Amino acid sequence: MTTTTHPPAVRPEELTGAWELISYVGVGEGGALEEGPLGPDPRGLLIYSADGRVSVSMMRGDPPPDGREGAAPRFMGYAGIWRLSGRQIVHDVTVSSHGYLVGSRQTRRLAFDGTLLTLSGSAGAAGGPPQERVLTWRRAAGGRP
């Protein structure tokens with residue numbers, strides 16, 4: 001008889017608190033990692049509250065070309081409600097810097113080791129094709145309530 005061992009499920013209280021973005025990459029053809037939509041130095045803050053609220057703010061960390069804002073997006077953020085569903089986390093978006101996200105459900109696979117939280121799944125800009133993205137977050141100093 002063969003048994004399969006699965007890692008223990010993540011408990012909501014393990015995720016509550018603040019997280020800092022340390023990596024945001026795309027997954028290209030053949031699984032190759034490539035620069036994500038927020039450039040080579042993305043910055044971000046993810047907050048999960050104990051009462052089920054989520055807030056995500058992310059931006060490019062590199063300076064704008066010629067010191068001016070261009071057409072490329074430099075900031076994205078949203079907030080709403082969060083919950084766990086098996087090995088996934090679900091964000092129901094109620095407000096966003098991108099109107100097409102309002103009212104959407106963002107479901108991501110999650111991996112958690114106590115210090116790092118990795119969220120992955122398909123995402124895309126308005127009207128664009130979905131692309132696989134991987135975001136890695138580190139617990140912020142003092143980020144646990």
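Reader: Is aspartate 92 buried, partly exposed or exposed?

Author: In this predicted model, aspartate 92 counts as partly exposed, because its relative accessibility is 22%, and buried would require a value under 20%.

Reader: Which residue forms a salt bridge with aspartate 92, and how far apart are the closest N and O atoms?

Author: The partner is arginine 105, and the closest N and O atoms of that salt bridge are 2.6 Å apart. Arginine 105 itself is exposed, with a relative accessible area of 52%.

Reader: And in what sense do E6 and E7 pair, over how many bridges?

Author: Strand E6, which covers residues 88–96, pairs with strand E7, residues 105–112, in the antiparallel sense over five bridges. As one example from that pairing, valine 90 has threonine 107 in E7 as its bridge partner.

Reader: What about E7 and E8, how do those two pair?

Author: E7 and strand E8, residues 116–123, also pair in the antiparallel sense, over four bridges, and alanine 111 has threonine 118 in E8 as its bridge partner. The two strands form a hairpin with three residues between them, and glycine 114 in the turn has a positive phi of about 100 degrees.

Reader: Where does aspartate 113 sit, then, and is that residue buried or exposed?

Author: Aspartate 113 is in the loop between E7 and E8, and with a relative accessible area of 56% that residue is exposed.

Reader: Which backbone nitrogens does the side chain of aspartate 113 reach?

Author: The side chain of aspartate 113 reaches the backbone nitrogen of threonine 115 at 2.9 Å, and that of leucine 116 at 2.7 Å.

Reader: Changing topic, how many aromatic pairs does the structure hold?

Author: The structure holds two aromatic pairs. One of them joins tryptophan 19 and phenylalanine 112 in an edge-to-face arrangement, with 6.0 Å centre to centre and 80 degrees between the planes. This pair links distant parts of the chain, with tryptophan 19 in strand E1, residues 17–27, and phenylalanine 112 in strand E7, 93 residues apart. Tryptophan 19 counts as buried at 0% relative accessibility, whereas phenylalanine 112 counts as partly exposed at 22%.

Reader: And what about tyrosine 48 and tryptophan 82, why is that pair tilted?

Author: Their ring centres are 4.6 Å apart and their planes stand at 45 degrees, so the pair is tilted, given that edge-to-face would need an angle over 60 degrees and stacked one under 30. Tyrosine 48 lies in strand E3, residues 42–48, and tryptophan 82 in strand E5, residues 75–85, so the pair ties together parts that are 34 residues apart in sequence. Tyrosine 48 and tryptophan 82 are both buried.

Reader: Back to charges: how many salt bridges are there in the whole structure?

Author: A search of the whole structure finds six salt bridges. Among them, arginine 109 and glutamate 132 meet at 2.3 Å, N to O, and this pair links strand E7 with strand E9, residues 131–139, across 23 residues of sequence. Arginine 109 counts as partly exposed at 40% relative accessibility, and glutamate 132 counts as partly exposed at 22%. Salt bridges that share partners also join Arg11, Glu13 and Glu14 into one network.

Notes:
Residues numbered from 1 in each chain as written. Predicted model: local features only at pLDDT ≥ 70, side-chain atom pairs only at ≥ 80, totals over all residues. Heavy atoms only, no water. Pairing = 2+ DSSP bridges. Phe/Tyr/Trp six-rings, centres within 6.5 Å; stacked < 30°, edge-to-face > 60°. Buried < 20%, exposed > 50% of the residue type's maximum accessible area, 1.4 Å probe, protein only. Polar contact = N/O pair within 3.5 Å; in protein donor to acceptor, adjacent residues only side chain to side chain. Salt bridge = Lys/Arg side-chain N within 4 Å of Asp/Glu carboxyl O.
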